[in-house]
Amino acid sequence: MNILTLRLWSNGFSGLAAGQVSRKYRPCTPYGQKSLFDANGQPKPFDAVHIKNGYRADAPLAIYALKGVSTQVEEHEGQPCYRIDLGAMIEIRP
């Protein structure tokens with residue numbers, strides 16, 4: 001199973017737990033491009049998105065199905081970003 005792992009801080013995680021978030025954004029950087037896209041510029045085939053609240057091993061976790069990753073760069077909060085569309089919430093682990 002291919003899993004895309006994203007890390008957030010507490011204020012970003014609270015909306016996920018409430019089911020109010022349908023997309024996340026990642027800055028348009030070489031690291032972001034390498035983690036989301038293959039060598040041909042196509043989105044990698046992820047099965048799920050794991051969104052962790054911090055870096056601890058026991059950090060709260062939200063698991064979502066992945067709808068898709070946009071290949072178009074979008075502006076989000078004043079910077080160019082890649083958009084990650086979240087599907088159905090599968091599980092929340094506090």
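The turns below cover the fold, the overall dimensions, the strand pairing and one histidine.

Reply: This is a predicted model, in which local features need pLDDT of at least 70 and side-chain atom pairs count only at pLDDT 80 or more, while totals for chains, interfaces and linings use all residues. Residues are numbered from 1 along each chain as its sequence is written, and side-chain values use heavy atoms, with hydrogens and water left out.

Me: Which pattern does the protein follow along the sequence?

Reply: Helices (H or I, at least four residues) and strands (E, at least two) are DSSP runs, numbered from the N terminus. The protein has two helices and five strands. Read along the sequence, they give the pattern β-α-β-α-β-β-β.

Me: What is the radius of gyration of the protein?

Reply: The radius is taken over C-alpha atoms, and the globule rule is 2.2 Å times the number of residues to the power 0.38. For 94 residues that rule gives 12 Å, and the protein is close to it, so it is as compact as a globular protein of that length; its radius of gyration is 13 Å.

Me: What percentage of the residues in the protein is buried?

Reply: Buried means under 20% relative accessible area, exposed over 50%, and partly exposed in between (1.4 Å probe, protein chains only). Of the 94 residues in the protein, the buried share is 38%.

Me: How many bridges pair β4 with strand β5?

Reply: Two strands pair if DSSP finds at least two bridges between them. β4 and β5 form a hairpin with two residues between them, and Glu77 in the turn has a positive phi of about 50 degrees. One of the bridges joins Ala62 to Ile92 in β5. β4 and strand β5 (residues 79-93) are antiparallel, and the number of bridges is eleven.

Me: What is the bridge partner of Ala48 in β4?

Reply: Strand β3 (residues 48-53) pairs with strand β4 (residues 61-76) in the antiparallel sense over five bridges. In β4, the partner of Ala48 is Ala65.

Me: Is His50 buried or exposed?

Reply: His50 lies in strand β3. With a relative accessible area of 17%, His50 is buried.

Me: Which residues is His50 in contact with, leaving aside its neighbours within four places in sequence?

Reply: Contact means heavy atoms within 4.5 Å. With those neighbours left aside, His50 is in contact with Ile3, Leu4, Thr5, Leu6, Leu61, Ala62 and Ile63.
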